[in-house]
Amino acid sequence: MNILGLVLFALVLGVALKKLGSEGEELIRFFNSLNEATMVLVSWIMCSATLPSMIKCIEENNGVDKRISRFILPIGATVNMDGAAIFQCVAAVFIAQLNNVDLNAGQIFTILVTATASSVGAAGVPAGGVLTIAIILEAIGLPTRDLSLILAVDWIVDRTTTVVNVEGDALGAGILHHLNQKTSKKGGQELNEVKVEAVPNSKSEEETSPLVTHQNPAGPVARAPELESKESVL
């Protein structure tokens, strides 16, 4: 159950395979294919998926722009796991109290940091946060055998954590949509003000500028006396 050791070994192995070049590409392809096959299996198992339903509700019910919802929501479904982070912290503290372990300030800070980091990297699948609790328990020195207690209630708790995750993503998309609308309205209002101010100024220039000549039938006749007066002076 040395999860941190496995993660570190996987990182080092990935760097080593990359350094091998063409010789390590075959093993990299194997792991990529294994990952894709696992994701296909997970997609078969997951029938009530939250991302399509959330996109539909955000766009149709709340009227959020598609450009915002389809950019924010997929990122939030992967990164914004605030409900899972809260669940992992509560579960770690519960297991510590179950084993009569008094957590000091350093251990509590370790729980917070580890839960935040592990929730960001956790897969968005059912019961995906239970495995990351093992990382927290290993980090603060608690036994991992008590994870079976969490698994007993995870089916119910996972629904509540999903609600918190979805609510956070929806609020983020709504706030960004509101700010975008506010900015676009402000820009449109400024453009309208510029157009309104430009119309009377152009008219006043046409009326008052001495450089502008108004074409009318009497124009050539009016210039003739001026020419005659200049010739008489010469």
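How many residues does helix 4 have, and how far does helix 4 reach from its first C-alpha to its last?

## Helix 4

Helix 4 (residues 66–79) has 14 residues and reaches 20 Å from first C-alpha to last, close to the 20 Å expected at 1.5 Å a residue. That expected span is 1.5 Å times one less than the number of residues. Helices here are DSSP runs (H or I, at least four residues), numbered from the N terminus.

Buried means under 20% relative accessible area, exposed over 50%, and partly exposed in between (1.4 Å probe, protein chains only).

## Helix 1

Leucine 8 sits in helix 1 (residues 3–20). Leucine 8 is exposed, with a relative accessible area of 53%.

## Cysteines

A disulfide is a covalent bond between the sulfur atoms of two cysteines. This structure holds zero disulfides, counted as pairs of cysteine sulfur atoms within 2.5 Å. Cysteine 57 is partly exposed at 40% relative accessibility, while cysteine 89 is buried at 18%.

## About the model

This is a predicted model, in which local features need pLDDT of at least 70, side-chain atom pairs count only at pLDDT 80 or more, and totals for chains, interfaces and linings use all residues. Residues are numbered from 1 along each chain as its sequence is written, and side-chain values use heavy atoms, leaving out hydrogens and water.

Key
Helices (H or I, at least four residues) and strands (E, at least two) are DSSP runs, numbered from the N terminus.
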